[in-house]
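I opened the model to look up its overall dimensions, its core and a few backbone angles. My entries follow in the order in which I looked.

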Amino acid sequence: MKEIVRKLLIPTCVVPAILAGASTAGAEHHEVSISHYFTGELNLENFKANVAKFEEATGFMLKDSPIGHEDFKTDILVRAAGGGLPDVFSYWAGARTQFVADSGGLSPIGEMWEREGLDDVVAKAVADSATMYNGERYLVPFNYHYAGMFYNKKVFADAGVTELPTDWEGFLALCEQLKSNGVTPIALGSKFRWPAQFWFDYLLLRTAGPEYRAALMSGSAAYDDEEVKEAMAIWRELVEMGYFLPNSNADTWTDASDKVARGDAAMTLMGTWITGYWNGLGLEPGVDYDYFPFPAMREGVANSVVGPIDGLVISSNVENQEGAEAFLAYMMSNTDVQSHWTSSYGALSANVNVDSSIYNDVMQRVVATVAAAETFAFNYDLATPPPVAEVGLSMFQRFMDSPADADAILGDAQVAASAAFEN
């Protein structure tokens with residue numbers, strides 16, 4: 001990941017010939033259809049603004065069909081099964097893209113990638129981890145995120161917190177200090193399940209390590225292994241110590257974020273999109289909120305960071321191939337688009353020509369955190385096949401309702417995951 005940040009810090013004036021395939025003649029073809037999950041709090045207005053730039057620059061017109069984040073996960077698989085995918089759609093790099101690629105739902109973009117010189121645009125570390133599936137290039141990385149511990153600075157200050165934790169003992173001491181000052185340390189909004197995954201990811205990565213975690217994601221390790229039981233026991237202890245606000249499964253991620261912003265809780269483990277959300281509410285980065293990396297837990301375990309990479313892909317039933325390829329190339333290569341999109345969304349750009357000075361102070365330090373990591377791991381539901389991810393996400397939610405039943409919950413999850421891997 002050091003390669004990502006090193007290149008991000010080198011501004012350049014090189015702009016690839018992204019319009020090579022987008023002639024006026026191309027505009028005479030039918031419009032390019034697109035579906036995506038950048039809705040509501042996930043930056044819809046800025047996405048539309050960047051689409052307008054593409055349309056003006058190329059002459060192509062997009063038929064835009066935004067779908068809510070949670071509904072999108074099911075909708076796109078249903079449409080893929082029925083051969084009804086749009087020309088272009090946003091998707092998460094990793095196991096979800098692998099799943100659709102395996103089903104024959106995607107069009108390779110290798111020729112476009114070479115024609116547009118994207119090897120000179122996309123950070124190599126991101127390209128290597130996110131764009132290739134079954135030996136073919138399928139995905140253009142639109143942006144990436146990092147999950148960290150985002151906190152209310154005033155709440156920390158009022159509780160007398162002067163140092164941020166770097167190890168687990170320090171984190172537990174922080175939680176106890178906050179609680180003793182009348183503040184619940186952690187908010188979690190797991191109503192839609194996925195926010196809980198970051199706790200599972202980090203606890204497992206920080207104790208069992210990335211190699212074991214990869215084995216679990218691929219089905220060669222089991223949910224009732226001692227490694228997983230240990231991670232869940234640590235999580236259970238946090239819940240039973242009263243470090244989480246009650247009724248996590250009743251709240252969405254924005255509910256939890258609002259509670260931290262109001263001071264009802266001190267911190268939340270969330271992706272960097274929370275910064276875009278909070279900025280939109282008028283909170284000032286570095287003044288009203290800040291972050292620290294998830295603490296180290298065991299000596300000798302690799303330092304991993306967790307997050308998703310949002311990508312753009314072309315469906316195998318594409319009707320406007322030229323327009324679809326032009327859109328992917330433009331949205332990745334145009335530094336104005338990338339700068340505007342990532343800085344407003346609370347994301348990071350994989351475009352090596354984007355000047356990192358566009359990021360606020362908090363995001364600048366996120367860049368440094370990612371650079372210092374030994375591995376970048378896709379978050380849980382992007383690291384294991386979608387049918388298995390459904391098992392795990394439900395497991396996390398069930399656990400938050402009844403942490404004392406953790407071992408039984410893990411046993412049930414292993415039965416269900418084994419069946420999902422076999423099908």
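**Terms and source.** I call a residue buried under 20% relative accessible area, exposed over 50% and partly exposed in between, with a 1.4 Å probe and protein chains only. This is a predicted model, in which local features need pLDDT of at least 70 and side-chain atom pairs count only at pLDDT 80 or more, while totals for chains, interfaces and linings use all residues. Residues are numbered from 1 along each chain as its sequence is written, and side-chain values use heavy atoms, with hydrogens and water left out.

**Positive phi.** I looked up Arg193, which is not a glycine and yet has a positive phi of about 75°; it is buried, with a relative accessible area of 17%, and lies in the loop between strand E8 (184-186) and H10. Asn134, also not a glycine, has a positive phi of about 55°, but Asn134 is exposed at a relative accessible area of 52%, in the loop between strand E4 (132-133) and strand E5 (136-137).

**Whole chain.** I took helices (H or I, at least four residues) and strands (E, at least two) as DSSP runs numbered from the N terminus, and the protein chain has 20 helices and 13 strands. Its radius of gyration, 21 Å, is close to the 22 Å that the globule rule gives for 423 residues, so the chain is as compact as a globular protein of that length; the radius is taken over C-alpha atoms, and the rule is 2.2 Å times the number of residues to the power 0.38. The C-alpha atoms fill a box of roughly 70 × 50 × 35 Å along the principal axes, and 57% of the 423 residues are buried.

**Core.** I define a nonpolar core as a set of buried Ala, Val, Leu, Ile, Met, Phe, Trp, Tyr and Cys residues joined through side-chain atoms within 4.5 Å. The largest one has 148 residues, and Trp199, Phe200 and Trp235 are among those with the most contacts inside it. Counting a contact as heavy atoms within 4.5 Å, and leaving out residues up to four places away in sequence, I found that Trp235 touches several residues, including Trp199, Phe200, Phe396 and Met400.

**Helix H11.** In H11 (residues 210-218), I found Tyr212, Arg213, Ala215, Leu216 and Met217 buried. The buried residues of H11 pack against helices H10 (197-207), H12 (226-240), H18 (380-383) and H20 (406-422), and against strand E13 (375-378). Gly219, with a positive phi near 95°, follows H11.
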